Amino acid sequence: MKTAITLWPTCINTQKGIMSELVSNNEKRVEDLLAFSLGMMSGEDGRMLLEKYKEAIEHVTPHDMLKLEDKQMQMGIEPKTIKKDVGKVINVFFNTLKTYSWEKPEEGTFLYYLMLENSAYKFKLNQVKKIIKSYKGREVSDFKLLKNDLLGHFEEFSKFESHYVKKENILFPFLEKRWSSYRPLTVMWSLHDDIRKKLKQIIQILESDTSTWTDLNKQIGKYYFLVFGMIQKENLIIYPVASETVSDDEWEEMHNQSFEYPFPFIESPAKPKIIKEPVLEKQIKNSQIDGDFKLISETGELNLEQILLLINNLPVDITFVDENDKVRFFSRPEERFFPRSPAIIGRAVQNCHPPESVHIVEKIVTAFKNGEKNSAKFWLELKGKFILIQYFALRNDNNEYKGVIEVSQDVTDIRTLQGEQRLLDWV
């Protein structure tokens, strides 16, 4: 008994010593990897850097990669700068990262289908590679046939958009809550946008009568570099770390939310065996408010069901962000213009936008908070529709800022109205 009492503190001290040494070694490795990456980005001698930081490179983990990039961003290095060299850095670490042992997701899980989508996408990309190779060396007159052949394939690649949307609106919000080193996710979102822009550019080239093989070949090369690089970053870094840090309950919730979006290039899985409640009933059930709740004001009286019916049937998308910049609510109209998932509730509004446009959001919120402005508006064309996007500052009776509401509306038909229509004209 005395021996046990004597050894117990020793055992604790030994474990603490081991843990302390492991943490210290990990921190030292990340610092070395940071120094290596900064040297690469600054154009220093590559061979010298490889030799100097050989030990760290040979033991790099996916967790190290996140911490490395997170430190870069904390240093003030912008995503556009990180993007230029991140591919080169990962290629140096590739042999070590690919040997990292982690438990692959089981079939029927959110992560399993994300990875399956990647595999299906790679197959289609490689099939198109074969088509391009078959045309190389042939007559210039065949270029028109090549463009016609490729156009359908690249238009089909647009369907992979839902994979990126699921990451941005479901996976990323969960990871932001789990990871202290979540900032690299914004770099990944920025790369999503680069892929979107490049695909749009390729389709324009394929539809043009004046484009050349040189133009097309160059842009396809850049597109393939981006998409294969994205799959590599997901499979080598994001997914292994997510697998080791996210709970089973959270994966289940992500899987349930994923059915609001398509599953590109794979057979859609069966929905979970749960009772599919109508959206309105589900919202009321999950509201945490007694069913007899009523909103009573000088302008009327509404119960919870009426409130949700009213909000969800307005011909607009509504998103509410509170005074602390957290997303608190979004409506569920019959047709959405921009993707929204329950995972974004409680998310910082800054994290709901790619880094290239987040400064606009911050500018609007800051002006609202300072009382300089009360509204802002934008408009754009999206899938053949003209969308008006408006932001309104919310203030209480004491003129205190209480948040911002975003309202998006399809005004395509409204823009065409002329004259008057005073009588009902149902056809």
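Analyst: Happy to. Contact here means heavy atoms within 4.5 Å, and the model is a predicted one. With that in hand, let's look at helix α9, which spans residues 184–207.

Begin with its contact with helix α4, residues 62–74. The axes of α4 and α9 come within 8 Å and cross at roughly 90°. Since angles of 65 to 115 degrees count as roughly perpendicular, α4 is therefore roughly perpendicular to α9. On the α4 side, the residues in contact are Leu66, Glu69, Asp70 and Met73; they meet Pro184, Thr186 and Val187 of α9. Sorted by class, this contact holds 4 nonpolar, 1 polar and 2 charged residues.

Now turn to helix α8, residues 161–178. Its axis and that of α9 come within 11 Å, with a crossing angle of roughly 170°. Angles over 145 degrees count as roughly antiparallel, so α8 is roughly antiparallel to α9. From α8, the contact draws on Glu161, Tyr164, Val165, Lys167, Glu168, Phe172, Leu175 and Glu176. Facing them in α9 are Leu185, Met188, Trp189, His192, Ile195 and Arg196. Here the class division is 8 nonpolar, 1 polar and 5 charged residues.

Put together, α9 meets α4 through Pro184, Thr186 and Val187, while residues including Leu185 and Met188 of α9 meet α8.

Terms used
Residues are numbered from 1 along each chain as its sequence is written. This is a predicted model: local features need pLDDT of at least 70, side-chain atom pairs count only at pLDDT 80 or more; totals for chains, interfaces and linings use all residues. Side-chain values use heavy atoms; hydrogens and water are left out. Axes are lines fitted to C-alpha atoms, for helices over the stretch in contact, and angles run from 0 to 180 degrees between N-to-C directions. Helices (H or I, at least four residues) and strands (E, at least two) are DSSP runs, numbered from the N terminus. Angles under 35 degrees count as roughly parallel, over 145 as roughly antiparallel, 65 to 115 as roughly perpendicular and the rest as oblique. Ala, Val, Leu, Ile, Met, Phe, Trp, Tyr, Cys and Pro count as nonpolar, Asp, Glu, Lys and Arg as charged, and the others, Gly among them, as polar.
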